[in-house]
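This report describes selected features of the structure shown below.

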Amino acid sequence: MWKSNPDGDPERLVALADGVFAIALTLLVLDFDVPRGLGSDQYDDALRELLPNLGAYALSVVVLGAFWREHRRIFGFVRQIDGQVITLSVVGLSIAALVPFPTKLLSEYGREPESVAVYAAAVAALGTAHLAVLLVLLRRPWLRGETEPPGGFRLYAIDLAVTVVVFALSIPLALAVGAAAMWLWLAMAPVKMAIGRRADRAR
């Protein structure tokens, strides 16, 4: 059984997370390129070919930005961390750093079912890692501060669980129906809005 031995405050872990998310967001733009010496028609075609890249970029910015925000919110109420929190956090950060790869698959081969499934799997895995950290913190009140987030940590857990479930369900759906499975991701919007309103009422 894993023993919980407090290992200092979370400041360095939060700083590491900030750096990893910043690098991942930066890597998303490296595939944007327009060749030199193009004529007017070729230039217009090159710009149109970048549209899928822009769509995948925007999606991943929203995804990574949301996870980064949740990470900072959660650790804003944490007083100390232990070895398990560190390990699970590093696992989550390693997945976040990987997101530019499935983003590239989605931008270049977005009509292939496997590309959508791989992207959904990466986001589901990232959400699972964050949820695991949150569940550890729920079970170890001595790691948390005296105050809790509006609605409690359980509300954050529900929010993350919605992300994990929706993206996990879209994996087999993508293999069955292809890119249309991405519409399922929009199903999160009303649920997350309801959770956000509940958190606001708890303030």
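## A buried aspartate

Leaving out residues up to four places away in sequence, D159 touches E70, K192 and I195, where contact means heavy atoms within 4.5 Å. D159 is found in helix α7; helices here are DSSP runs (H or I, at least four residues) numbered from the N terminus. With a relative accessible area of 13%, D159 is buried. Buried means under 20% relative accessible area, exposed over 50%, and partly exposed in between (1.4 Å probe, protein chains only).

## Basis of the model

This is a predicted model, in which local features need pLDDT of at least 70 and side-chain atom pairs count only at pLDDT 80 or more, while totals for chains, interfaces and linings use all residues. Residues are numbered from 1 along each chain as its sequence is written, and side-chain values use heavy atoms, with hydrogens and water left out.

## The nonpolar core

The largest nonpolar core has 48 residues, and those with the most contacts inside it are L64, I74, F75 and V85. Such a core is a set of buried Ala, Val, Leu, Ile, Met, Phe, Trp, Tyr and Cys residues joined through side-chain atoms within 4.5 Å. Two or more residues are given to this core by each of α1, α3 (51-75), α4 (83-98), α6, α7 and α8. Helix α6 supplies the largest share, 13 residues.

Apart from neighbours within four places in sequence, L64 is in contact with F21, A24, L25, L28, A96, V99 and L126.

S115 is found in helix α6 (residues 113-139) and counts as buried at 5% relative accessibility. Beyond residues up to four places away in sequence, S115 touches L105, L106 and Y109.

The whole structure holds 2 aromatic pairs. Rings of Phe, Tyr and Trp (its six-membered ring) pair if their centres lie within 6.5 Å; planes under 30 degrees apart count as stacked, over 60 as edge-to-face and the rest as tilted. The ring centres of Y119 and W185 are 5.7 Å apart and their planes are at 35 degrees, so this pair is tilted. Because Y119 lies in helix α6 and W185 in the loop between α7 (153-177) and α8 (188-202), the pair ties together parts that are 66 residues apart in sequence. Both Y119 and W185 are buried, and Y119, F167 and W185 form one aromatic cluster.
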